[in-house]
Amino acid sequence: MRYKILELLKQRNDYVSGEEIGARFNVSRAAIWKNISKLKIEGYNISSVTNRGYLIKDNRDIINSYEIMNGLNTKFMGKNCIFFSEIDSTNDEAKRRAESGEPEGTIVIAEKQLNGKGRYGRSWISPKGENIYMSTILKPHITPREAPQISLVAGISACNAIKQFTGLEALLKWPNDIILNGKKIAGILIEMNAEIKDIKYIIMGIGINVNTDEIDREIKYKATSLKIETGKNYMRRELAKCIIENFEKLYEIYIENSSFKYFIDEYKKYCINLNKRVKVIRKNEEIKGEVIDVTESGDLLIRTDEGEEIDIFAGEVSVRLDDDKYI
Ligand code: BTN
């Protein structure tokens, strides 16, 4: 009910009387007051004036399931959206939801993560109210070997969305670090529950530094935010929607074609590793060489200093550029 009232206040952009709200939704004055109070607790700036009614005063960057689903132009992605003001990790919650049977396309989004997770067991710093932390449940009919391709597709869609929403040209450090002006602005973590041949589900989590002013001292030299790079604040929920919409579009193409082939040119356009010297850390060995290509399955093709060509699979390694400050 409260979001119906909210919608009416947003549409009107002027005072709406309690009488009108009551008549429209068939609710008592006390119920209206209760719902308005809940909206205020959620952060909406609503003024109540005797004899005039209720007015929503500014368009704050509030994230909740209503705001994400409202106006979201997708077929299935985000149609089921679960919001938390605080959660351990949206990836972990999405996993729990997938286990309990929530459908493909379910989005878990939070204002704050207490145990945000990065790749390689690192943590992902997730302060309240500044950034985007969201995860999607996917149930593609692909093999576990192909699963990392989903994160490459997600990387492309994040760059497309950032471009569409901010005009900024983000790039990709293979496999899926999103880089702006030489620093990391966003990261993608995919996790899956799979048997040898079949995937039960994949969780695709994305974290984007949006309105953070300050990056932790230890990672300041390699991480940034949209705000730091442009001096502007961005509406996180609109960017989140733009990412969901862009991702659905590419994900559908990926599933229809059952192949990463279709994306290879676009991926290479964004990829900063091509023709660069890299150091690959695989289990206990370190391999040095030059990136000569990204293959049709999304692997990195490297010519080692010993002259051997090797194929690096996204699931297995950490790749550093020679002058690496990113990871
Ligand atoms: C990386 O190391 O680059 C991946 C970072 C992924 C962070 C996101 S934030 C939302 C989702 N929940 C998590 O715990 N991690 C991912």
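View 1. Lys173 belongs to S6, residues 171–173; strands here are DSSP E runs of at least two residues, helices are H or I runs of at least four, and both are numbered from the N terminus. Asp88 is 85 residues from Lys173 in sequence, and their C-alpha atoms are 27 Å apart. This is a predicted model, so to speak: local features need pLDDT of at least 70, side-chain atom pairs need 80 or more, and totals for chains, interfaces and linings use all residues. Numbering runs from 1 along each chain as its sequence is written, and side-chain values use heavy atoms, with hydrogens and water left out.

View 2. The side chain of Lys184 puts an N or O atom 2.6 Å from a ligand oxygen. For Lys117, a backbone N or O atom sits 2.7 Å from an oxygen of the ligand. The Thr90 side chain has an N or O atom 3.1 Å from a ligand nitrogen.

**View 3. The shell around the ligand.** There are 20 residues around the ligand, each with a heavy atom within 4 Å of it. Helix H5 (90–99) and strands S5 (132–138), S8 (183–194) and S9 (199–208) each supply at least two of the shell residues. S8 gives the largest share, four residues.

Note on methods
A polar contact is a pair of N or O atoms within 3.5 Å; within protein, one must be able to donate a hydrogen and the other to accept it, and residues adjacent in sequence count only if both atoms are side-chain atoms.
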